[in-house]
Amino acid sequence: MTASHGQGPVDHNEAHDAALGGRLNWLRAAVLGANDGVVSTAGLVVGVAGANASSSELLTAGLAGLLAGSLSMAAGEYVSVSTQRDAEQAALALERRELHHTPEAELAELTGLYEAKGLEPELAHQVAVQLTAHDALAAHAEAELGIDPNELTNPWHAAWASFAAFTVGALLPLLAIVLPPPTHRVWITVVAVLAALVVTGWASARLGGADPRRAVVRNVVGGGIAMGVTYAVGAILGASTG
């Protein structure tokens, strides 16, 4: 059907499918990874700058923080997603065994699931029979587990995405602190970081369907506090060892 009561064409390719949902999740993860890179690296380099470090010392500290942070993010995401994938594969393996050994019970279970979603018993049974005939594992995985057997999470994709997102985010405060003259580098970095946090806060909220204003305020206040605290600590330590 392409029209509804004279209201013009209806687009049925809306953001319902799992693939689009997965892409949105990846985008959110990328935005949040970049945000982590911005905040953590900004806190590090601003703190070191507070101790009156030279440009070369700032570059060394920033690069070390960038590499440590990006590798940590990648490793953490790899472990997390690997655990999720292992759990998904174990659940699918159990479902395969149940379908092989007790197909009638599994069909009755699938029928019950569709009844619980609001279908009439006879229609629920027809749907369960047809979906089982088409792809029994996929039908049960979707209805019982919320898993698409053909779209399992990939830990390597997650690790590389986190590594890249953190690195991109970390480069902004690193360049902002190293490139300007020493007398201007801290305030230029603060302005650049806060502007970036406005963008990442807005983007993460929009991708999640939330109010961007609250997300932006949280992001900016959190980043500002992080930079203020680390700068103060760096200044105190720099004064005490100077």
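Modeller: A residue counts as exposed when its relative accessible area is over 50%. Keep that cut-off in mind for this predicted model.

Colleague: Why is N52 called exposed?

Modeller: The relative accessible area of N52 is 69%. The cut-off is over 50%, so N52 is exposed.

Colleague: Where is N52?

Modeller: N52 is in the loop between α1 (18–50) and α2 (55–101). N52 also has a positive phi of about 60°, although N52 is not a glycine.

Colleague: Which residues of α5 meet α6?

Modeller: L172, P173, A176 and I177 in α5 do. Among their partners in α6 are R185, V186, I188 and T189. By class, the contact of α5 with α6 has nine nonpolar, one polar and one charged residues.

Colleague: How do you know that R213 forms a salt bridge with D211?

Modeller: The closest N and O atoms of R213 and D211 are 3.3 Å apart. The rule asks for within 4 Å, so the pair qualifies as a salt bridge. By this rule the count comes to one salt bridge.

Colleague: Why is D211 called partly exposed, and R213 exposed?

Modeller: D211 has 31% relative accessibility. R213 has 64%. Exposed means over 50%, so R213 counts as exposed.

Notes: Residues are numbered from 1 along each chain as its sequence is written. This is a predicted model: local features need pLDDT of at least 70, side-chain atom pairs count only at pLDDT 80 or more; totals for chains, interfaces and linings use all residues. Side-chain values use heavy atoms; hydrogens and water are left out. Contact means heavy atoms within 4.5 Å. Helices (H or I, at least four residues) and strands (E, at least two) are DSSP runs, numbered from the N terminus. Ala, Val, Leu, Ile, Met, Phe, Trp, Tyr, Cys and Pro count as nonpolar, Asp, Glu, Lys and Arg as charged, and the others, Gly among them, as polar. A salt bridge is a side-chain nitrogen of Lys or Arg within 4 Å of a carboxyl oxygen of Asp or Glu. Buried means under 20% relative accessible area, exposed over 50%, partly exposed in between (1.4 Å probe, protein chains only).
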